[in-house]
Structure formats: C-alpha cells, structure tokens
Amino acid sequence: MNNSIRSTEWMNEGNCRNFPPAVFFPADGAGVDRARLICATCPVVSQCLEYALEEHIDHGVWGGCSERERRRIAKRRRIEVRAASH
Ligand code: SF4
C-alpha cells in the first residue's frame, strides 16, 4: 500500500453515512447542533476530526466540530507546538 495516500476507510463506519451530506454542511447554529448530535455517537469521531484538521477542511461539521471549533483546536495546537519547542 502507498503510505502517501491517507486511508479514508474509517469513513465507511461514520454515522453520517445514514444521512444526507447536506446535514453536515449546515447554514446556521441549529444545524451545527443537529450534526454534532449525530457525530456524538459516531464510532470514528476521533479519526474524522484528525482528518479534517490535517487536511485543513474549512467547511462543514467533521468529528463533531464546526469550522470555528476546528480553527480553535488548530490554533491551540500550534501554540502548544511553539511552546514545546522553546
Ligand atoms: S464524526 Fe460526524 S462527520 Fe465524522 S464520520 Fe462521524 S458522523 Fe460523520
């Protein structure tokens, strides 16, 4: 297997496979909350969040987090990496 190709097999296990994709690209906060509820019981929530963070996915709810939440997590991680390197 080519290691440069990230595995996305976990996507087959996601709760979202039972919902229309539009559910995970909500237009308002209520929609984000609905998507989050589905993610909350998803067996691959961790893989999904890491994938979205590493791939810099800007849109939609991934891993139970909105775009804004993922930006916050990414920022916090950058700060932690900087702090650890000093
Ligand atoms: S965490 Fe949410 S978006 Fe990710 S695979 Fe699961 S249900 Fe889908």
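The legends below accompany close-up views of a predicted model.

**View 1. Overall fold of the predicted protein.** The protein has three helices and zero strands. From the N terminus on, the order of elements is α-α-α. Along its principal axes, the C-alpha trace spans about 45 × 40 × 20 Å. Of the 86 residues, 14% count as buried. Among contacts with a separation of 6 or more, 43% join residues 24 or more positions apart.

**View 2. Confidence along the chain.** Mean pLDDT for the protein is 93. A score of at least 70 is reached by 94% of the residues. Among the elements, α1 has the highest mean pLDDT, at 98. Helix α3, residues 67-84, has the lowest, at 96. Where pLDDT is low, predicted coordinates should not be read in detail.

**View 3. The largest nonpolar core.** Nine residues make up this core. They are Phe24, Val32, Ala35, Cys39, Cys48, Ala52, Val61, Trp62 and Cys65. Helices α1 (29-40) and α2 (45-54) each supply at least two of the core residues. The most come from α1, which gives three. In soluble globular proteins, nonpolar side chains tend to be buried together.

**View 4. Contacts of valine 61.** Val61 belongs to the largest nonpolar core. Residues up to four places away in sequence are left out of its contact list. Beyond them, Val61 touches Phe24, Pro26, Val32, Ala35, Arg36, Cys39 and Ser66. Among these partners, Phe24, Val32, Ala35 and Cys39 are also members of the core.

**View 5. The shell around the ligand.** The ligand is surrounded by 14 residues. The closest are Gly14, Cys16, Cys39, Cys42 and Cys48. Both α1 and α2 supply at least two residues of the shell. By class, the shell holds 10 nonpolar and four polar residues. Charged residues are absent from the shell. Cys39 and Cys48, listed among the closest residues here, also belong to the largest nonpolar core.

**View 6. Arginine 78 on helix α3.** Arg78 lies in helix α3. Arg78 counts as exposed because 10 other C-beta atoms lie within 10 Å, and the cut-off for exposed is 12 or fewer. Cys42 is 36 residues from Arg78 along the chain. The C-alpha atoms of Arg78 and Cys42 are separated by 27 Å. Cys42 is one of the residues closest to the ligand.

Notes. Residues are numbered from 1 along each chain as its sequence is written. This is a predicted model: local features need pLDDT of at least 70, side-chain atom pairs count only at pLDDT 80 or more; totals for chains, interfaces and linings use all residues. A nonpolar core is a set of buried Ala, Val, Leu, Ile, Met, Phe, Trp, Tyr and Cys residues joined through C-beta atoms within 7 Å. A residue is buried if 20 or more other C-beta atoms lie within 10 Å of its own, exposed if 12 or fewer, and partly exposed in between; C-beta atoms are placed from the backbone. Helices (H or I, at least four residues) and strands (E, at least two) are DSSP runs, numbered from the N terminus. Two residues are in contact if their C-beta atoms, placed from the backbone, lie within 7 Å. A residue is near a molecule or strand if its C-beta atom, placed from the backbone, lies within 6 Å of it. Ala, Val, Leu, Ile, Met, Phe, Trp, Tyr, Cys and Pro count as nonpolar, Asp, Glu, Lys and Arg as charged, and the others, Gly among them, as polar. pLDDT is the predictor's confidence in each residue, from 0 to 100.
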